[in-house]
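Here are my notebook entries from a friendly look through this structure. Have it open beside you as you read.

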Amino acid sequence: MTILWRNARLATMAGTSPYGLIERGALLVDGDALDWVGPESALPRALAKMVEEEHDLGGALVTPGLIDCHTHLVYGGQRAREFELRLNGASYEEIARAGGGIRSTVAATRAASDDALYLAAAQRLATLEREGVTTIEIKSGYGLTRDDEARMLRVARRLGEQPSPGRPKTVAGPLGGRARSDRGPTFTRAATVRTTLVDAVDAFCERIGFTPAQTRRVFAAARELHLPVKLHAEQLSDQHGAALAAEFGALSCDHLEYLGDDGVQAMAAAGSVAVLLPGAYYFLRETRLPPVQALRDAGVPIAIASDHNPGSSPALSLLLMINMACTLFRLTPEEALRGVTQHAARALGLASTRGTLETAKRADFAVWALEHPNELAYWFGHNPCRRVVCGGVEVAHE
Ligand code: DI6
Ligand code: FE
């Protein structure tokens, strides 16, 4: 089926012009891919003849489908009580050390059935999708035994591959098999057994997570399995995790509030993406800002994600993260939008097929009741997304 989506203002996010804007643009979709992208007037006659269905978008803004490149969408329970404790004076790290925090989510996740995990995550996913998200990464890491990690990963795969009726075509991005606490060796075996469930390996390198030495062991195991790595690095302290991850050619290093200049340079040399997570910064009431200007100066691509998780970022709006990346981290609206499209795709190792509107990439895009892409950073608490197309198929929303 060849479908023409025409009369749109396209923010392709390709090339170097602002937002890759194309006025009165058109997208020709063949199956799940973009067959042609450009100004409507330039559509070659031979291609125009092949059009079987046509949609006039009435001048609406179209962007690539948004990509949430760092989430922990699958877990049991929630941690509102912990939020209360923090507001009564306890710190995030204190709660973790006292056996709450991450460990309480591990217990709730182990206790939940597969279906309960699936249903809760599917609802969260539907919320993200309604804002134009077409690709997400889901990390495991709340199982911490071989079987429980595999269970989380199977639920994540099911979210991507078996959409429920009426909610067609959700695409799950790479799953981060991810590890935490002092259980590195256990996790490593889990990854070994279940490589078909894992697209990348992540770890939480922190005083309350893996030590750098344990992280190195996890990464060494990932390398043997030819799996790319990424890292929760320098969120609460500088463990020089980003430099370690860069040694392994990390796809991305995420959080980075405490990243030092050595880390910035190592990431630049390795080509790693800096994934900034304003939801976690905000929800933990962090005051130390990630070194945005140093990352820019070094030419490190910056992505933005929700980090959706029950402890440090129960956020289910990538649009709000775009706004917060601008207000809290001082990204420009264009940088923030590249952060959830082009650079987010790169953080997942999917830059060749997703993240921009270009010929031969996947037909993933969102239609907005907006005039200009800078409005995606401007409004907050408002969802101007009108239509979502994922893999060439329009996603129906109730
Ligand atoms: N990812 C993590 O592993 C921690 N923060 C983050 O961004 C822990 C999340 C949690 O508290 O459950
Ligand atoms: Fe995270």
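This is a predicted model: local features need pLDDT of at least 70, side-chain atom pairs count only at pLDDT 80 or more; totals for chains, interfaces and linings use all residues.

**Iron site**

Residues are numbered from 1 along each chain as its sequence is written, chains are lettered from A and ligands numbered from 1 in the order written, and side-chain values use heavy atoms, with hydrogens and water left out.

I looked up the protein donors (N, O and S atoms within 2.8 Å of the metal, or 3.2 Å for Na, K and Ca; water is not among the atoms, so sites may look incomplete). They are His70 (NE2), His72 (NE2), His232 (NE2) and Asp307 (OD), 2.1 to 2.3 Å from the iron ion (ligand 2).

I checked burial next (under 20% relative accessible area, 1.4 Å probe, protein chains only). Histidine 72 is buried at 2% relative accessibility, and aspartate 307 is buried at 1%.

**Aromatic rings**

I searched the whole structure for aromatic pairs (rings of Phe, Tyr and Trp, its six-membered ring, with centres within 6.5 Å) and found six. Tryptophan 5 and phenylalanine 365 have ring centres 5.3 Å apart and planes at 80 degrees, so I logged them as edge-to-face (over 60 degrees). Tryptophan 5 is buried at 2% relative accessibility, and phenylalanine 365 is buried at 0%.

Notes:
Buried means under 20% relative accessible area, exposed over 50%, partly exposed in between (1.4 Å probe, protein chains only). Rings of Phe, Tyr and Trp (its six-membered ring) pair if their centres lie within 6.5 Å; planes under 30 degrees apart count as stacked, over 60 as edge-to-face and the rest as tilted.
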